[in-house]
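Visitor: I would like to learn how to read the features of a model such as this one. Please take them one at a time, with the general idea before the case.

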Amino acid sequence: MAGLVGNLLILFFVFQNICLGFRSSLSVFKRYKETTRLLSNECPGSDRPVISVGLSDFALDIRMRGVTPKQSDTYLCMSVPLPVDDEAYVVDFKPHASMDTVHHMLLFGCNEPSSTENYWDCDKGTCKDKSNILYAWARNAPPTRLPKGVGFRVGGETGGRYFVLQVHYGDISAFRDKHKDCSGVTLHLTHQKQPLIAGMYLMMSVNTVIPPGEKVVDADIACHYKRFPMHLFAYRVHTHRLGKVVSGYRVRNGQWTLIGRQSPQLPQAFYPVEHPVDVSYDDILAARCVFSGEGRTTETHIGGTANDEMCNFYIMYYMEAKHAVSYMTCTQNMNPEMFRNIPQEANIPIPVKSDMLKMMHGHHEETKDTDKSSLLQQAKKEEGEILDQDFHIEEAVEWPGLDLKLGQVSGLALDPENNLVIFHRGDHVWDENSFDSKFVYQQRGLGPIEQNTIIVLNPSNAKLLNSVGKSLFYLPHGLSIDKNGNYWATDVALHQVFKLGANNKEPLLILGVALQPGSDKNHFCQPTDVAVDPITGSIYVSDGYCNSRIIQFSPNGLYMMQWGEETSLGRARPGQFRIPHSLALIPDFSQLCVADRENGRIQCFRLETGEFIREIKHKSFGRELFAVSYAPGGLLFAVNGMPYPGEAEPVQGFVMNFSTGEIIDTFIPVRKSFEMPHDVVASADKTVFVGDVHARAVWKFASTETDGEHKLDSSSGRILGRLRGKGSGGLNLGNFFASHKGYSRKGFDRLSTEGSDQEKDEDDGTDSEEECSAPPPPSAPSSS
């Protein structure tokens, strides 16, 4: 029993390295099939536990073998051998579990499992030798992100040769029907070495006592750091029920620098360090846990049960490979007096709603499914700025919408029913003859477009549901839809913005003066896009090809304010634009993000004031970024433009973490090629549509699972790290707790963490684009 607890709570990290590579997948798969035990055929992936993914990568499916736990708080273990002899690297973890049936899962690495049975009671232990916690999943805690080039290593001379999966079945009421459970995790492995090795530094109080009824009790830990430099990129806090806030710091020359601060009553994930911190020789690492003994009638000690307490602050770090140490620990307070100077924030509890507390504690508390869903949504809302997504999309090749007969596709949107709405130019084309040097439209003699320019499609089968917009537009450009289902469209020839009802032939509101370009409060010059705040009704217009500004109007169209200016020579500064081309309104964070097209970047601003917040810019964007879209839950989508001569960045789509701006995936179509992807829109379920003005096509992309029979993208070289609490056998906490006053095993409240993300490096691209634009800057942009 003690061995189990020790293996479980060690949490000193050794899983090292992350990217891709492997020798002969076929030979490994053959040998693996000969050595592994037969799995229950009732579980997915049991017939193909190893899936070859190209020459260098493979996926390993690790699943419980169709078990039915007989009582609550059952811990079951099973093992799988690493199917290669030499060093390998796990680059992604894909969990298969539901918090309805599984309290948590832990994945260990070791050289010899505690049993050779198909599965066993974990009271027998997990490993006979030193074990390392490689992965932990629990309670739908949000994922975290691993920096590029950082990874965790298995196999070879130093890494474990077996994976041991431990599943804790908390409340087994879900098994009343005696169904068999196949929970587990799929690993994506490779052989390519990584320059930076990840590890964990665990700070832990071992002697704190919380008196009954005591309102505030501090537990402090501090140690001198005496090794090569390390770089901190994520942290996790852990207490049981009495913890109010946990904070960690680097102290250098008396200056306290925050690593991370969080309530331990929120999902216990690894959160990114907001401003990455480096730690050098002789720095001090310090942490404080704040507890309250209110409601307790006896002393509470550090221990392993849910009624005991813990004070843990975990730090994920990376080091250069030649100096790397897999784990380090600090369990003392080398200088209590120094905590007189700890920042005041460390003493301020972080409030957590009572319903969230109920969700996070008590394995057997009954909660309705609807309540669970709302609580999880609330958790995501409260932590929105730090949630990363584990996400990958590919073209939905069966979608028939690619065969639609369209004009130049300039805009896309989704209506309140999640139907796809396409804005296209019919038989009109924007080319070099469309405008004179003063941006006046030269083809008025053609009259307005006689086809319906706005078409509504069923997003599943591309069936036509509705069409409007006949005889209204000359050169359509941007499209958005407000919460009431009204269409908002821009026309670059008319220099106007239109509000249309879904079934109205006549506009409900028109902004701008027809066919008259200008730069004052009443005129636009080739306006590109429009967005409407669902909360305030405020209207935002990006203006445009020949102006460099964002204009805000009241819900009834009155001018309110504007911001932005032309880009100066040299590097573009915040608030400067070179064709603000596309808008994405993020109501969750009160921000408006702009695809600053010819500056190849995204700029985000505060809705209320127009204040610049940040820039998102990546080399893989190339020189042009055409469109941006936001999906609830924290994902940002974008499409770029064709590379300039001599440049290599392909035209493609990007998936980004909104909070960090990091690219977590890229995508290109399978059928046809991107030529000039002009707009992108993403739904709440992360279905993505891309409209191409030159290919006159609309693609649909959907998320793909990377487990079982699904293909893992090995060619992309993306970094997919799913880190959960990692550990090593350096310190046997089970033995420590077993000898500690008040310790008992039953009800042990184990690690609840989940972390993951994926990044896709620049992928191979496709064809591209070109477009005519207004006044060409030094490198002439295309227009559309």
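**Contacts and cores**

Guide: Contact means heavy atoms within 4.5 Å. Leaving aside neighbours within four places in sequence, M230 is in contact with Y201, Y225, V277, D278, V279, L285, Y317, Y318, M319 and M328. The model is predicted, so local features need pLDDT of at least 70 and side-chain atom pairs count only at pLDDT 80 or more, while totals for chains, interfaces and linings use all residues. Residues are numbered from 1 along each chain as its sequence is written, and side-chain values use heavy atoms, with hydrogens and water left out.

Visitor: Which residues have the most contacts inside the largest nonpolar core?

Guide: A nonpolar core is a set of buried Ala, Val, Leu, Ile, Met, Phe, Trp, Tyr and Cys residues joined through side-chain atoms within 4.5 Å. Buried means under 20% relative accessible area, exposed over 50%, and partly exposed in between, with a 1.4 Å probe and protein chains only. The largest core here has 33 residues, and Y201, M203, M230 and F313 have the most contacts inside it. At least two residues of this core come from each of strand 12 (196-204), strand 14 (217-224), strand 15 (230-238), strand 18 (271-279), strand 19 (284-291), strand 21 (312-320) and strand 22 (327-330). Another core, of 29 residues, lies apart from it and includes V50, I62, V90 and V154.

Visitor: How are the strands defined, and how many bridges join strand 16 to strand 17?

Guide: Helices (H or I, at least four residues) and strands (E, at least two) are DSSP runs, numbered from the N terminus. Two strands pair if DSSP finds at least two bridges between them. Strand 16 (residues 243-252) and strand 17 (residues 255-262) run antiparallel and are joined by seven bridges. R250 stands opposite T257 in strand 17. The two strands form a hairpin with two residues between them, and N253 in the turn has a positive phi of about 55°.

Visitor: What joins strand 28 to strand 29?

Guide: Four bridges join strand 28 to strand 29 (residues 487-491), and the two run antiparallel. L479 stands opposite A489 in strand 29. This hairpin has five residues between the strands, and G485 takes a positive phi near 90°. Six of the six residues of strand 28 (residues 476-481) are buried, so this strand is largely enclosed by the rest of the structure.

Visitor: How many aromatic pairs does a search of the whole structure find?

Guide: A pair of aromatic rings is described by the distance of the centres and the angle of the planes. Rings of Phe, Tyr and Trp (its six-membered ring) pair if their centres lie within 6.5 Å; planes under 30 degrees apart count as stacked, over 60 as edge-to-face and the rest as tilted. The search finds 25 pairs. W256 and F339 form an edge-to-face pair, 5.8 Å centre to centre with 70° between the planes. W256 lies in strand 17 and F339 in the loop between strand 22 and helix 3 (354-360), so the pair ties together parts 83 residues apart in sequence. Both W256 and F339 are buried.

Visitor: Where does S263 lie, and is S263 buried or exposed?

Guide: S263 lies in the loop between strand 17 and strand 18. S263 counts as buried because its relative accessibility is 1%. Leaving aside neighbours within four places in sequence, S263 is in contact with V237, K244, I350 and V352.
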